[in-house]
Amino acid sequence: MSQALARAPFLWPALALVINAFVWGTSWWPFRQLEARGLHPLWATVLIYAVAVMVIVALRPQALGQLLRTPVLWVLVLASGTTNAAFNWAVTIGDVVRVVLLFYLMPLWAVLLARLLLGEPLTRRALLRVVLALAGAAIMLWPAGRSGWDALPLPRSLPDWLAVLGGFSFALNNVMLRREAHRPEEARALAMFAGGVSVAGVLAMSLSAGGAIGGLPAPATGWLVGVAAMALVFLIGNLALQYGAARLPANVTSVVMLTEILFASLSALALGGGSLDAQLLAGGSLILLAALLSTLSGADAH
């Protein structure tokens, strides 16, 4: 009974992280629907998070001043913004299963960032997870039929690079939430949503000016309704992430969030957004194993 009571405080933060994982894991489908209606995922990210920023500022106007007066939260702005811009773009244009698995090299980055920013111990078990994650990534990225420098297991497509960058940024986001858990919740929430607007906005304007992507389309009922609905869902999901990540150790957060892979894979395979082959399955299994090892040691998780 005493053990059950001791674990109870971790239940709600864990469930909050699962909610966020479901939102992210299935978000590829609405983003693709919006793109089919002429709205690039970067512009969609800007609009979705702009709605959330307006809601937070309207309900908690003090959050803006708190954010502007706290430079350390600007790191959270950059980390969250990069995460959302990279991930949303990647799942819209790439194989969803592959993108999510590469994104979930995140536990590898979390081990290193938690050591650097939180002082969490770098144990032998943690080093084993690093090796397993890197091995899994190498298998997934190994190009068949190439030799020499061309055979290096590196990301070779835009979705691959975006997935890896998004995973690193998400690990930094979670570690910063843990480190700055004493900051006002509304300030942290505003930092995360403001990042989605600013980073995706700068990218969208720069790329559209250069002709790499289309500009913001004329208002149309189809994509305006979709943006409004996604803004509400992402607001709920990201507030759930903030609640959970601020109350659980960084490595535990990374493990619970692995449920996103389940949601993403099942939805992608069911709706034609991704596929599985032996190479992807082998590499992805090692990445998953690396993350799941975090649950076997209480020392690593705290």
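Visitor: Why is Ser 80 called buried?

Guide: This is a predicted model, and in it Ser 80 has a relative accessible area of 2%. Buried means a value under 20%, so Ser 80 falls within that class with its 2%. Ser 80 belongs to helix 5, and, when residues up to four places away in sequence are not counted, Ser 80 touches Asn 173 and Met 192.

Visitor: What does helix 5 give to the largest nonpolar core?

Guide: The largest nonpolar core has 90 residues, and among these Ile 48 and Tyr 104 touch the most other members. Helix 5 gives the most to this core, namely 11 residues.

Visitor: How do you know whether Gly 136 is buried or exposed?

Guide: The relative accessible area of Gly 136 is 0%, and because the limit for buried is under 20%, Gly 136 counts as buried. Gly 136 is found in helix 8, which covers residues 124-141. Leaving aside neighbours within four places in sequence, Gly 136 is in contact with Gly 283, Leu 286 and Ile 287.

Visitor: What makes the pair of Phe 22 and Phe 263 edge-to-face?

Guide: A search of the whole structure finds 10 aromatic pairs. In the case of Phe 22 and Phe 263, the ring centres are 5.2 Å apart and the planes stand at 85°. Phe 22 lies in helix 1 and Phe 263 in helix 13 (residues 259-271), so the pair ties together parts that are 241 residues apart in sequence. Phe 22 is partly exposed, at 44% relative accessible area, and Phe 263 is partly exposed as well, at 22%.

Visitor: Why is the pair of Trp 24 and Phe 87 called tilted?

Guide: The ring centres of Trp 24 and Phe 87 are 4.9 Å apart, and their planes are at 40°. Planes under 30 degrees apart count as stacked and those over 60 as edge-to-face, with the rest counted as tilted, so a pair at 40° is tilted. Trp 24 lies in helix 1 and Phe 87 in helix 5, so the pair ties together parts that are 63 residues apart in sequence. Trp 24 is buried, with a relative accessible area of 3%, and Phe 87 is buried too, with 1%. Ring pairs also link Trp 24 and Phe 87 with Phe 103 and Phe 170 into a cluster.

Visitor: How do you know that Asp 160 forms a salt bridge with Arg 98?

Guide: The closest N and O atoms of Asp 160 and Arg 98 are 3.0 Å apart, and because a salt bridge needs such atoms within 4 Å, the pair qualifies. Asp 160 lies in helix 9 (residues 158-179) and Arg 98 in helix 6 (residues 96-103), so the pair ties together parts that are 62 residues apart in sequence. At 5% relative accessibility Asp 160 counts as buried, whereas Arg 98 is partly exposed at 24%. The structure holds four salt bridges.

Visitor: What makes Arg 179, Glu 180 and Arg 183 one network?

Guide: Glu 180 forms a salt bridge with Arg 179, the closest N and O atoms being 3.0 Å apart, and another with Arg 183, where the closest N and O atoms are 2.8 Å apart. Salt bridges that share partners join Arg 179, Glu 180 and Arg 183 into one network. Glu 180 is buried, with a relative accessible area of 5%, while Arg 179 is partly exposed at 33% and Arg 183 is partly exposed at 28%.

Notes
Residues numbered from 1 in each chain as written. Predicted model: local features only at pLDDT ≥ 70, side-chain atom pairs only at ≥ 80, totals over all residues. Heavy atoms only, no water. Phe/Tyr/Trp six-rings, centres within 6.5 Å; stacked < 30°, edge-to-face > 60°. Helix = DSSP H or I, 4+ residues; strand = E, 2+ residues; numbered from the N terminus. Buried < 20%, exposed > 50% of the residue type's maximum accessible area, 1.4 Å probe, protein only. Contact = heavy atoms within 4.5 Å. Core = buried A, V, L, I, M, F, W, Y, C linked by side-chain atoms within 4.5 Å. Salt bridge = Lys/Arg side-chain N within 4 Å of Asp/Glu carboxyl O.
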